[in-house]
Amino acid sequence: MNSQPAQDVFSAATVGRSVAVIGAGPAGSTAAIRMRNLGLEVTIFEKRTFPREKVCGCCLSTSGWKRVKGLLGADPINLPKHQALHKFELILDERRSAIRQSGGCVVSRSSLDSELLERAQQIGASLIPHRALIRPKSDLTDDQVRLQAGEQIYKFDAVVLAAGLNGGDAGNRLSWLDSPHGPRGFWLRTKQRIVEAGALRMFADDTGYVGVVETADGWTDIAAAVHHPTRTSQRKNESRKSTPSAFLCQWLAAYGIDLQADQVIEHQTTGPLRRRRLPCRDRVFAIGDSRSYVEPFTGEGMTWAIDDAWLLADAIAAESTQNQAIDWGRVEKRYQALTHLADRTRSRQVRWLSAILRRKWTRWTLGRAINFFPRLASGLHPWRET
């Protein structure tokens, strides 16, 4: 692994084309791969040791899986372990619907992240493992962005912030347009089998919603978005005080699922999920969950993170010539326009769904309608084309 200061790594031939990527998740590694394919010098900063798990529903839509195969190659030996999705089970309060569809897959974050990072390194991206706070700073003397990681200073022509829901530290450059709010994320995994392989089961009630899948390595992955609960005062107190595993066990028990807390291997929580920040400024670009996160029920989180990296690479490709310095100001304008259009599309997809799921009578109406017209569920399942 390369631990040299970035200013010592890059030669004069790459002036104007050096980029730091903070975070090696799906967004960060996708950006690194695509920028390396464009001829940029890329250095990835990652504080975690891979493989590692994160709060995530572990579902990729059809379009997201196509992008992953485009990055890693269609040969199965190059792809992360995954399980094709073939069934979507939706439980709205006590009403159950089952829809059979094709497309999309279940893939664990530990497997996906590791394969994407390995691919980025194979094609020339450098990895600097660093646990210290990384803060972008302006350097007006040479028109570069400085990264301060502990006592070490690195210099790059641009910085890509891909640090997930924690957002990273943008050095006060990228202000929040919508500060973090909305439901909190709960996640756990267990060896206890709850759903059949290839099925996604989702529950929604006044508390929020929870998705359950089985990954290719046999783990059961449970991810939930929890609103301020209103179902009972007891549930409200439990969500604030109990561990994620105890709370999810109690929640699923209401649906007849006996999840054993002593079989839970790992659990995590997040802060408020919804947020949106300025996408770029002064050569610092935010992608994925670091930039924006909307209602997560549709299962598009990982796909949208990868899409953000794709948009940034497209903006760079449109404003660059091989072996020439990049006009980063023009890249910023193009990326702002692309993310604005993407956000409008995503908001339209989830606004109506979020409103329906927050009210019991609309959930009841939706469940009844799906039973009569199963095609209505095509707007809900996480493997649809986008």
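# Briefing on a predicted protein model

E89 counts as buried because its relative accessibility is 6%, where buried means under 20% relative accessible area, exposed over 50% and partly exposed in between (1.4 Å probe, protein chains only). The model is predicted: local features need pLDDT of at least 70, side-chain atom pairs count only at pLDDT 80 or more, and totals for chains, interfaces and linings use all residues. Residues are numbered from 1 along each chain as its sequence is written, and side-chain values use heavy atoms, with hydrogens and water left out.

**Overall make-up**

- The protein has nine helices and 20 strands; helices (H or I, at least four residues) and strands (E, at least two) are DSSP runs numbered from the N terminus.
- Of the 386 residues in the protein, 54% are buried.
- Among contacts (heavy atoms within 4.5 Å) in the protein with a separation of 6 or more, 72% are between residues 24 or more positions apart.

**Surroundings of E89**

- E89 lies in strand β5.
- Its side chain makes a polar contact with the side chain of K87 (3.4 Å); a polar contact is a pair of N or O atoms within 3.5 Å, where, within protein, one must be able to donate a hydrogen and the other to accept it, and residues adjacent in sequence count only if both atoms are side-chain atoms.
- Apart from neighbours within four places in sequence, E89 is in contact with R96, S97, A98, E196, A199, L200, R201 and M202.

**The open sheet**

- An open sheet of mixed pairing is formed by eight strands in the order β6-β5-β14-β15-β16-β13-β17-β20; two strands pair if DSSP finds at least two bridges between them.
- Strands β6 (95–100) and β20 (292–293) are at the edges with a single partner strand each, so one side of each has no neighbour in the sheet.
- Helix α9 (residues 360–372) packs on the sheet and touches β5 (87–92), β6 and β14 (199–205).
- The direction of α9 makes about 40° with that of β6; axes are lines fitted to C-alpha atoms, for helices over the stretch in contact, and angles run from 0 to 180 degrees between N-to-C directions.
- Strand β17 (residues 264–277) runs antiparallel to β20 and is joined to β20 by two bridges.
- R276 has S292 in β20 as its bridge partner.

**Helices α3 and α4**

- Helix α3 (residues 62–72) packs with helix α4 (residues 109–122) at an angle of about 35°, and their axes are 10 Å apart.
- V68, L71 and L72 of α3 make the contact with L112, E115, L116 and R119 of α4.
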